[in-house]
Amino acid sequence: MKTYIKYSLAIAVLLMSTVTSCKKEFFDRPPQSAITLDNFYKTADQVKSSTNILYSAAWFGWVTKGGWAITEMAGGNGRSYSSDVSNFGNFSVTDGNTELANAYNSLWIVVAQSNAIINNLPEKVPASVDRKVVNQALGEARLFRALAYFHLVRLFGNVPIIENTLDYVENFQVNTNPVTDVYKFILNDLKFAESNLIPQIRSGNSIAQGRVSSGSASALLAKVYLYMQDYTNARLEAEKVINSGEFKLYGIDVPGKEFKDLFLTANNNNEESVIALQWAGAGGYGKGNPLQASWAANPTITGTGDGYGVLGVTFDALYSFQQDDKRFKPTIMVTGSFYPEINQATGGYTQAANQGQGTSAFVKKYVVGTPADNGGVGSAQSSNNNTYMMRYAEVYLILAEAIMGTSKNSTDPQALAAINKIRNRAGLGNLTQIRRGYFTANNTPGKPGNAPAQYYRDDILEERRREFMFEFDYWFDLARLDGYNVSNHPNAITIINQQDRGAGDNSVPSNSYGNGYYSMTNSKFLFPYPATEVASNPKLIQPPVPYVFK
């Protein structure tokens, strides 16, 4: 909390640094001048630009490593030998882990930046600025604050609800609030955002479509309700988004586009993008998308000296795909795979054998190639492809799950239509029944002999995993499987214990040694508060205090 609070004194400066003289770009900088809060929000363009930082730099610590180390490695999609993240994959993370602290602090920075806008903007904007512009900015801030809290509560459980950062500058000793109160706070923010953000029918792709809309808030509301197991409202919000026409599915509603096209820089801010972080690849470290630097298997791919191949792909993640799934190649890079969009100047790129992280499989999603492959934009540790925080495909899977509710199987036509729409885009056949929480025998070729004899299966969970793998989501799906605010996770433990997270041999393709199984426990579904934060604010580990809503 101390780290979070210290940023509050710099909030105004950070906000003012995002004022833009060109409304078309998120990262243009203003001329150097003596801007103060009293003359900051004087024009519509200044108000619009005040939220720019919420789409980028505030999230950098989350995206760089901490976020994917938690969600992809703890979730069982990724594996790594790198000492700063390897503990997430074997559930030995301690409160002293640097990347845990980076993730925690980044999310609180988003809260702080949002609070600065929410608390300063209304009283500083003159009447000459259209109120719709003001409400749009406030809606953006409320949505991103809700999104940051959604991450925090799912990772740490009870956390402090902070509505005005400046209230705690002198005394940052603050109690946590119960999970149920945090979710109520999130809902309040999203309902405000839904009512005040401007609707936007997406067509093609443009920077203007990078900003969130009322449909974005509705989509996130549907997801939050789903986590709360409020299936009625989750369904209502999902149907509201679909009926709004704001978004489209690549390959279904947008002819000529496929799943693989979603992750090309040229398609930033496309019709399927619900919420996305915007990066300036030419800005250098801290300004651009850092994912390719860590995930690309080698520097040949990036052309900028990075491409550290820090994150490999687990055997369990490999086994989760059918061979004919069109999502596999755009998601996972295996030996022999050819990508014409990478290293275009030399005729494309073919992945060579690389045992760097133990399975000879690396991440392709968010790996976009050299600057020349991306319109000449990009630099070391800095690509300019967007990072999705939510895609329209998820709304359909939310709808299917919300229709099912607590049922273990369903033949509901609307639920089947929703999940099959996503499956069909991936080249998979229709399900005629959706099943959840059932067991099948281990009959998948290549599974090691000491794997479980039976596997826990869940049609919706598995579809979500394949669709959103390496989009920072699967761990959260596992943690909510048995309830959003519970201490007992029997089904999630069963899934995690059956995951092969181990290394393989040097053959091509690599064969599993079957040495990567772990025994999960209920206590590991929430992460510890960083030790530095507890030292500064011991109230973090005291019992939560009910929040007094204003």
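## Cavities

Strand E8 is the biggest contributor to the lining of the largest cavity, giving 5 residues. Helices here (H or I, at least four residues) and strands (E, at least two) are DSSP runs numbered from the N terminus. This is a predicted model, where local features need pLDDT of at least 70, side-chain atom pairs count only at pLDDT 80 or more, and totals for chains, interfaces and linings use all residues. Residues are numbered from 1 along each chain as its sequence is written, and side-chain values use heavy atoms, with hydrogens and water left out.

There are 4 cavities of 30 Å³ or more, and the largest holds about 190 Å³ of space. A cavity is a set of points on a 1 Å grid over the protein atoms alone where a 1.4 Å probe fits but cannot get out, and lining residues have an atom within 4 Å of a point. Points are joined across faces, edges and corners, with volume being the space filled by probe spheres set on them.

So who lines the largest cavity? There are 19 lining residues, and Lys223, Met389, Glu471, Phe472 and Asp473 are the closest to its centre. Helices H5 (60-73), H8 (131-156) and H10 (214-227) each give two or more residues, as does E8 (387-391). By class, the lining has 11 nonpolar, 2 polar and 6 charged residues; nonpolar covers Ala, Val, Leu, Ile, Met, Phe, Trp, Tyr, Cys and Pro, charged covers Asp, Glu, Lys and Arg, and the others, Gly among them, are polar.

## Aromatic pairs

The structure holds 32 aromatic pairs, counted for rings of Phe, Tyr and Trp (its six-membered ring) with centres within 6.5 Å; planes under 30 degrees apart are stacked, over 60 edge-to-face and the rest tilted. One of them, Phe150 with Tyr183, is edge-to-face at 6.2 Å centre to centre and 85° between the planes. That pair links distant parts of the chain, with Phe150 in H8 and Tyr183 in H9 (residues 179-196), 33 residues apart.

Why does the pair Phe321 and Phe328 count as edge-to-face? The ring centres of Phe321 and Phe328 are 5.4 Å apart and the planes sit at 80°, so the pair is edge-to-face. Both of these Phe residues, Phe321 and Phe328, are buried too.

## Charges over a ring

Tyr227 has Arg154 over its face, at 5.0 Å from the ring centre. Arg480 also lies over the face of Tyr227, at 4.9 Å. The rule asks for NZ of Lys or CZ of Arg within 6 Å of the ring centre and within 35 degrees of the ring normal.

Terms used:
On a 1 Å grid over the protein atoms alone, a cavity is a set of points where a 1.4 Å probe fits but cannot get out, and a pocket is an open set with protein on both sides within 12 Å along at least five of seven lines; lining residues have an atom within 4 Å of a point. Buried means under 20% relative accessible area, exposed over 50%, partly exposed in between (1.4 Å probe, protein chains only).
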